[in-house]
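Me: Please examine the structure shown here and answer a few questions about its architecture.

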Protein chains: 2
Amino acid sequence: MTDEADRNAAHKAAMQTLKAEREALMAGKSDETRGLLVVNTGDGKGKSTAAFGTVARALGWGWKVGVVQYIKGKWITGERQFFAKFPDQLTWATMGEGFTWDTQDRARDVAAAEAAWDRSLAMLADPDINLVLLDELNIALRYDYLDIDKVVEGLMARPWDKHVIITGRNAKPQLIEVADLVTEMTLVKHPFDQGLKAQRGIDF
Amino acid sequence: MTDEADRNAAHKAAMQTLKAEREALMAGKSDETRGLLVVNTGDGKGKSTAAFGTVARALGWGWKVGVVQYIKGKWITGERQFFAKFPDQLTWATMGEGFTWDTQDRARDVAAAEAAWDRSLAMLADPDINLVLLDELNIALRYDYLDIDKVVEGLMARPWDKHVIITGRNAKPQLIEVADLVTEMTLVKHPFDQGLKAQRGIDF
C-alpha cells in the first residue's frame, strides 16, 4: 500500500474502534438525554454566539455548564461580563492569550493549547457539568497546536450524557465525522464590507 | 412596460426613497454606534440561538433589550426561563400562539402577526431599548401574514442607533437588500437524521 492508503486504513481502523467503544458506553441509555457533540463552523458569524445562546438556554433549565475559551485573550467581552453573574452554574476558563499572529511564539501557543485541553478534559469528566463549550477549539486544531486524533479520542470517551459544543472555522473532517450536529455559518452580507467596525454589544 | 417591469421599477423607486431617508437619519452619526440590521436565516440550526447569544452579550454591557417572539407559543423554553431573570433589562413578548399548521385559522394568524408587529414598532421607537430581537419574523413574512414592504419601511425608519436582529428561514430578498449583516445557517449534519429527538437544554 502507499503511505496515503496506509494512513487512511489506520484512520478508519482507529475510528471504528472509537465508535465501538462509544456505542458500548451508550448501550441501553435513553436517546432523550444522550449527550450530543455539536460543531458550529464556517466563515460566517454566529458560531460562538449561537453557542453562548445554547449556554443561556441550558442555564435556564438549571444545568451546570463549563466553558473553555481557546483563543480569546483577556480583553473584556459582553458575554464574559454577562455569564460572570452565574458563578454557581457556570465555570469559565479563558486560556488563550492571543495566538501566533500576535505572539510569533509557537512553543508558547502549543503550551497554552495543551493547558486548555487539560482543562477541557477535566470538565468533560466532571459529573456535575451537563454541557461543555470548547470555544474556538477548531482554531487550535487547525494550526496543529493540538493533535486531532487525541482530541477526538478524548471527546468520544466522555460520559454518555455529556453535551459538547465546539466552535471555530475550518472544523477538521475527523471532527465532523464523529459529530452529531454540524452547522455551517455562511456569510451572506457583512457590515465590515461597508466600512463599519466591530461594535460593542453586537460583535463582542 | 409589462406588469413585472412596472413592479420592479416601483420597488426600486420605493427602495431608493427608503435608503435616502435612512441616510438622512444617519447623517453625521458615528459608525461606532450605528444601529445594525442583522438577519440570521437558512435551514440550519442556530438562527434564534445566535440571536439569544447576542442578547446575552448586550445584557453583559448593561444594554436594554426587547424581544418579540412571532411564532413560538406558550410552552416553556430554557431561554425564556433564563432571560426572565433580567426583568430590568429585558422586555420579552411572546406573541405567537402556534401558526396555521396547528390552527388552520388564517385570520387569527394574521391578527396575531399584526399585534406582534405593533409591539415591535413600539420597541423600535423606545429610546431606552438598544437592541430589538424579532424572533421568527421571517416566518410571518413568508406566509404573508405581514406585508414585507410595510415591515421594511418600519425597520428603515427606526432611530439611527437601534440594533435589530431578525431570525427565521427563508428571509425575503427585500429584507436582505436593506440588511447590514446577513448570515445563513446551513445544516451539515443533524441528529434527527440519526433518530434522535429534540432535547431540552440543547434544542429548546
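The questions below concern a predicted model.

Me: How many helices and strands make up the secondary structure of chain A?
Reply: From the N terminus on, the elements of chain A run α-β-α-β-α-β-α-α-β-α-α-β-α-β. The secondary structure of chain A thus comes to eight helices and six strands.

Me: Among contacts in chain A between residues at least 6 apart in sequence, what percentage joins residues at least 24 apart?
Reply: Chain A has 204 residues, of which 53% count as buried. For the contacts in chain A between residues at least 6 apart in sequence, the share that joins residues at least 24 apart is 81%.

Me: Is A:Lys172 buried or exposed?
Reply: A:Lys172 is placed in the loop between strand S5 (163-167) and helix H8 (173-178) of chain A. Neighbours within four places in sequence aside, it is in contact with A:Leu141, A:Arg142, A:Asp144 and A:Ile148. The cut-off for this class is under 20% relative accessible area. Because its relative accessibility is 19%, A:Lys172 counts as buried.

Me: Which residues does B:Gly44 touch, not counting residues up to four places away in sequence?
Reply: B:Gly44 lies in the loop between strand S1 (37-41) and helix H2 (47-60) of chain B, and at 4% relative accessibility it counts as buried. Its C-alpha atom is separated by 4.2 Å from that of B:Leu187, although the two residues are 143 residues apart along the chain. With residues up to four places away left out, B:Gly44 touches B:Met185, B:Thr186 and B:Leu187.

Me: How is H1(B) oriented relative to H7(B)?
Reply: Helix H1 (residues 3-26) of chain B packs with helix H7 (residues 148-156) of chain B at an angle of about 15 degrees, their axes being 10 Å apart. Angles under 35 degrees fall into one class, so H1(B) and H7(B) are roughly parallel.

Me: Which classes of residue form the contact of H1(B) with H7(B)?
Reply: On the H1(B) side are B:His11, B:Leu18, B:Lys19, B:Arg22 and B:Leu25, which meet B:Asp149, B:Val152, B:Glu153, B:Leu155 and B:Met156 in H7(B). By class, the contact has five nonpolar, one polar and four charged residues.

Methods
Residues are numbered from 1 along each chain as its sequence is written. Chains are lettered from A and ligands numbered from 1 in the order in which they are written. This is a predicted model: local features need pLDDT of at least 70, side-chain atom pairs count only at pLDDT 80 or more; totals for chains, interfaces and linings use all residues. Side-chain values use heavy atoms; hydrogens and water are left out. Helices (H or I, at least four residues) and strands (E, at least two) are DSSP runs, numbered from the N terminus. Buried means under 20% relative accessible area, exposed over 50%, partly exposed in between (1.4 Å probe, protein chains only). Contact means heavy atoms within 4.5 Å. Axes are lines fitted to C-alpha atoms, for helices over the stretch in contact, and angles run from 0 to 180 degrees between N-to-C directions. Angles under 35 degrees count as roughly parallel, over 145 as roughly antiparallel, 65 to 115 as roughly perpendicular and the rest as oblique. Ala, Val, Leu, Ile, Met, Phe, Trp, Tyr, Cys and Pro count as nonpolar, Asp, Glu, Lys and Arg as charged, and the others, Gly among them, as polar.
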